[in-house]
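Subject: Structure handover

Hello,

Please find the structure we spoke about below. My notes on it come after.

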Amino acid sequence: MKKLTLLVALTVLLLTVACSNRSDVKKTIVTGSITVADSIDSSGDYSGIGVTIVKRDSSNAPIDTLFHSLTDQSGNFEGIASFPDRNYYPMIISRNNNDLATLRVILAENDTLRVNAQLPDIQQTLSIHSKEHEAMQTLNRVDRSFQRVGAFIMSGAVPDSQILDETKKWSELYWQVYEAHENTMASYLAAEKTIELLGNWDSEAMLNRIDETLPADYMFSVALRYGKPYIAQSKGFDAASGYLDSLIQISENEEITEFIVRDKIQMYFDSSRIGEAKDLLDSYEQDYADSPSSKKWIRRIRYDLNYLAPGVDAPDFSFVTMEGDTVNNQSLKGSTYIIEISPLANFEYQNDYDRTMVIGEIYKNYGLKIFTIPLDQSEVTVNAFFEERRKAWPVAKLGSFDVQQIIQKFNVVQVPTRILVDKDGVVIRKYERNEFSDVIQGLNRAFSESNSPR
């Protein structure tokens with residue numbers, strides 16, 4: 001019912017813009033003191049120590065300087081930081097052109113960030129004060145206590161009869177953090193934890209808590225993660241669609257509204273309501289086609305709707321396995337199979353491998369076949385992967401397939417990508433990254449006509 005990769009993107013977006021105003025540049029005061037221990041410098045002159053806050057969107061992106069100041073003789077510094085969104089940013093402490101430490105600080109509008117430390121033991125002498133940091137410290141204390149209780153529960157030290165009472169207590173404690181530190185990053189993370197805990201025993205109370213936090217920007221991702229699945233399971237697809245419509249109506253942020261509309265289109269796609277998904281996509285294109293990122297998403301989802309949607313014939317493909325067997329879509333007619341497409345060096349693929357083996361062992365009795373098309377550049381990488389793991393199904397030999405053709409035909413944007421195909425060569429579902437957790441539902445549908453394993 002959900003596209004997890006889309007939800008992750010929305011979560012990242014909402015955490016950075018949560019309840020901040022929509023101006024392009026936000027500002028806050030950054031002040032503090034950086035001194036030097038007498039054992040290192042007894043001059044009493046602490047001038048020239050650099051304090052810099054930067055932003056870098058990715059490892060290859062250029063670094064933007066959001067704040068830079070040099071300490072005066074007393075070690076004091078002060079200035080204005082300009083930044084795009086409330087978030088954590090790296091603060092670099094430097095002296096004589098040498099970077100001495102990197103801290104993580106939260107910049108938020110209408111807040112003042114104070115940082116005090118002494119060289120050389122910055123981490124031991126560091127103190128960071130702001131509304132955001134103090135709220136996060138409160139949340140971290142509650143988190144640590146909750147984790148200790150969780151460890152006791154996992155060890156069996158807490159009787160089963162008390163577990164529900166503990167869950168209720170901690171859901172309220174997290175909610176108290178939310179109420180005490182309104183409109184901070186910590187408050188929304190605390191509310192999310194409350195909602196997660198309530199979802200384990202009182203889903204209606206969970207929905208009420210979600211409603212109380214809206215229309216705060218970040219909480220829309222929480223509504224999609226917890227509210228929508230519960231409504232879909234308990235009240236059906238149409239109710240879940242209506243819930244998304246209600247979120248769209250109350251959203252005050254155009255970026256968030258767009259992501260919720262994408263989620264709705266994806267939900268129709270995943271539920272095999274292809275005609276309605278195409279109609280929704282047409283409307284989306286009229287509303288958002290001016291944005292380059294929206295155009296890119298439109299091209300991607302339209303390809304999937306046309307060529308990889310449930311009920312569509314799987315694309316033609318062919319490869320030779322590492323054992324020398326030729327495999328193609330025609331030779332697999334009559335078998336239900338999964339095609340995996342991913343670098344074997346991919347961390348998520350490696351994490352999924354044991355679970356894939358379990359699924360393969362269970363469903364091979366029904367005739368399931370699994371094939372992996374590795375996107376690694378070297379056979380050394382592929383061979384190294386299987387030095388530590390059993391090769392439980394055929395793997396395509398590098399060089400026996402056209403990499404770009406495979407990527408294009410299966411519209412590989414996220415890895416791992418998996419395609420589940422039924423015995424008639426028809427796509428049951430395309431899965432990306434963590435969506436593999438939904439594959440059992442597709443397998444159950446594929447084998448629903450089989451009364452018993454082979």
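Predicted model: local features only at pLDDT ≥ 70, side-chain atom pairs only at ≥ 80, totals over all residues.

Residues are numbered from 1 along each chain as its sequence is written, and side-chain values use heavy atoms, with hydrogens and water left out.

The sheet

Helices (H or I, at least four residues) and strands (E, at least two) are DSSP runs, numbered from the N terminus. Two strands are said to pair if DSSP finds at least two bridges between them. Four strands make up an open sheet, in the order β4-β1-β7-β8, with mixed pairing. Its edge strands are β4 and β8 (127-129), each of which pairs on one side only. On average, neighbouring strands of this sheet are turned by 20° against each other, direction ignored; angles run from 0 to 180 degrees between N-to-C directions, and axes are lines fitted to C-alpha atoms, for helices over the stretch in contact.

Strand β1 (residues 26-36) is mostly covered, with 9 of its 11 residues buried (under 20% relative accessible area, with a 1.4 Å probe and protein chains only). It runs antiparallel to β4 (residues 76-83), joined by 8 bridges, and G32 stands opposite F77 in β4. With β7 (residues 112-119), β1 pairs in the parallel sense, over 8 bridges; T35 has Q118 in β7 as its bridge partner.

I92 lies in strand β5 (residues 87-95). Leaving out residues up to four places away in sequence, I92 touches G50, V51, T52, V54, D99, A101 and T102 (contact means heavy atoms within 4.5 Å).

The helix pair

The axes of α8 (residues 237-250) and α9 (residues 254-270) come within 9 Å and cross at roughly 165°. That makes α8 roughly antiparallel to α9, a term used for angles over 145 degrees. Residues F237, A240, S241, L244, D245, L247 and I248 in α8 meet T257, I260, V261, D263, K264, M267 and Y268 in α9.

Regards

How values were computed:
Parallel < 35°, antiparallel > 145°, perpendicular 65-115°, else oblique. Buried < 20%, exposed > 50% of the residue type's maximum accessible area, 1.4 Å probe, protein only.
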